[in-house]
Amino acid sequence: MEIGVIKGMSFPTKVTELEADALSRYTSLKGYVDEEKEKQYEVEWSTDPVVENVATTAETPLTIHTITSLTYPTGATEVRVILLPMIKASAQVAATHHIGIKILYEVNDGGWNTLKDFTANPPMSLAGDGAVDSWAYPIDISAIVSSGDKLELRFTVTSDNAGSVNYTTSFLVVLVYKMG
C-alpha cells in the first residue's frame, strides 16, 4: 500500500485513505527512536475490510476479524504492540445517527473482553442519507498479546436511530521489536 503525504488531520472517507490516516497517526505516536543507539523494526498484520448493514438501535456485534498468529522474528525482543481499529459508517436512509462503538478482543479463544467503550460519548455521527463518518484510534495492546497468540477483534455499534447504516471495518496490528 502506498501512502502519500497527508496534510492536516481531517478524516478520510475511503478505506484506503482511512488506513493511510491511521498509519500516519500511528507514526506520530511512535515517538523518536535514536537510530544510533537502537534500531526498531515492525511486522504488520491487517485484516480485509468487511462491509455489513445494520438497521437497529440495539447494540450489534459486527464481523469478527482474526489474526491467526502474531509472531515476532526469531531473536526479536518485543517493544510494543499497537492496534489500529478502523471503522467507516455510511448512512443509507435520510436519518440522523449518533453512533457509539465498542472494540472487543479475544486472545487464543479465551473469551471476549471489551478493550475500549465509546458508547457514552458516541464518536461518530451521520446527518442523513449518503452521510459518511470514519474513525480510527491507535491503542497499545502490548499487555494483552504475546508472540504466537491468535487475536480476534470486532466492533459493536449502537445508534440512536434504527435507519440503515453500512459499516466498513478493518484492523491493523503492528508488532514493534528490536533485534539483538
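A residue counts as buried when its relative accessible area is under 20%, as exposed when that area is over 50%, and as partly exposed in between, using a 1.4 Å probe and the protein chains only. By that rule, buried residues make up 44% of the 180 residues in this protein. The structure is a predicted model, in which local features need pLDDT of at least 70, side-chain atom pairs count only at pLDDT 80 or more, and totals for chains, interfaces and linings use all residues. Residues are numbered from 1 along each chain as its sequence is written, and side-chain values use heavy atoms, leaving out hydrogens and water.

Start with the overall plan. The protein has one helix and twelve strands. Here helices (H or I, at least four residues) and strands (E, at least two) are DSSP runs, numbered from the N terminus. Along the sequence the pattern reads α-β-β-β-β-β-β-β-β-β-β-β-β. Contact means heavy atoms within 4.5 Å. Take the contacts between residues at least 6 apart in sequence: 79% of them join residues at least 24 apart. The accessible surface comes to about 9,100 Å² (Shrake-Rupley method, 1.4 Å probe; for residues, only the protein chains shown count as cover). Carbon and sulfur atoms hold 47% of that surface.

Now look inside. In soluble globular proteins, nonpolar side chains tend to be buried together. A nonpolar core is a set of buried Ala, Val, Leu, Ile, Met, Phe, Trp, Tyr and Cys residues joined through side-chain atoms within 4.5 Å. The largest one here has 34 residues. Ile87, Ile99, Ile101, Leu151, Tyr167 and Val173 have the most contacts inside it. Six strands each supply at least two of its residues: S4 (65–70), S5 (76–91), S6 (97–107), S8 (124–126), S11 (149–159) and S12 (165–179). S12 gives the most, with six residues. A second, separate core has eight residues, among them Leu23, Ile82, Val174 and Val176.

Next come the aromatic rings. Rings of Phe, Tyr and Trp (its six-membered ring) pair if their centres lie within 6.5 Å; planes under 30 degrees apart count as stacked, over 60 as edge-to-face and the rest as tilted. The whole structure holds seven aromatic pairs. One of them joins Trp135 and Phe155 edge-to-face, with 6.4 Å between centres and 80° between the planes. Trp135 lies in strand S9 (residues 132–136) and Phe155 in strand S11, so this pair ties together parts that are 20 residues apart in sequence. Trp135 is buried, at 8% relative accessible area. Phe155 is buried too, at 1%.

Then turn to the charged pairs. Side chains of opposite charge can pair when their charged atoms come close. A salt bridge is a side-chain nitrogen of Lys or Arg within 4 Å of a carboxyl oxygen of Asp or Glu. The structure has two. In one, the closest N and O atoms of Lys102 and Glu59 are 3.4 Å apart. Lys102 lies in strand S6 and Glu59 in the loop between S2 (50–54) and S3 (60–61), so the pair ties together parts 43 residues apart in sequence. Lys102 is buried, at 17%, whereas Glu59 is partly exposed, at 42%.

Asp109 and Lys150 also form a salt bridge, with their closest N and O atoms 3.0 Å apart. Asp109 sits in the loop between S6 and S7 (113–118) and Lys150 in S11, so this pair ties together parts 41 residues apart in sequence. Lys150 is partly exposed, at 24%.

What is phi of Asp109 near? The value is near 55°, positive in a residue other than glycine. Asn108 lies in the loop between S6 and S7 as well. Phi of Asn108 is near 50°, also positive in a residue other than glycine. Asn108 is partly exposed, at 42% relative accessibility.

Finish at Pro73, in the loop between S4 and S5. Pro73 is partly exposed, at 30% relative accessibility. Leaving aside neighbours within four places in sequence, Pro73 is in contact with Val43 and Tyr177. Pro73 and Ser147 are 74 residues apart in sequence, yet their C-alpha atoms are 9.3 Å apart in space.
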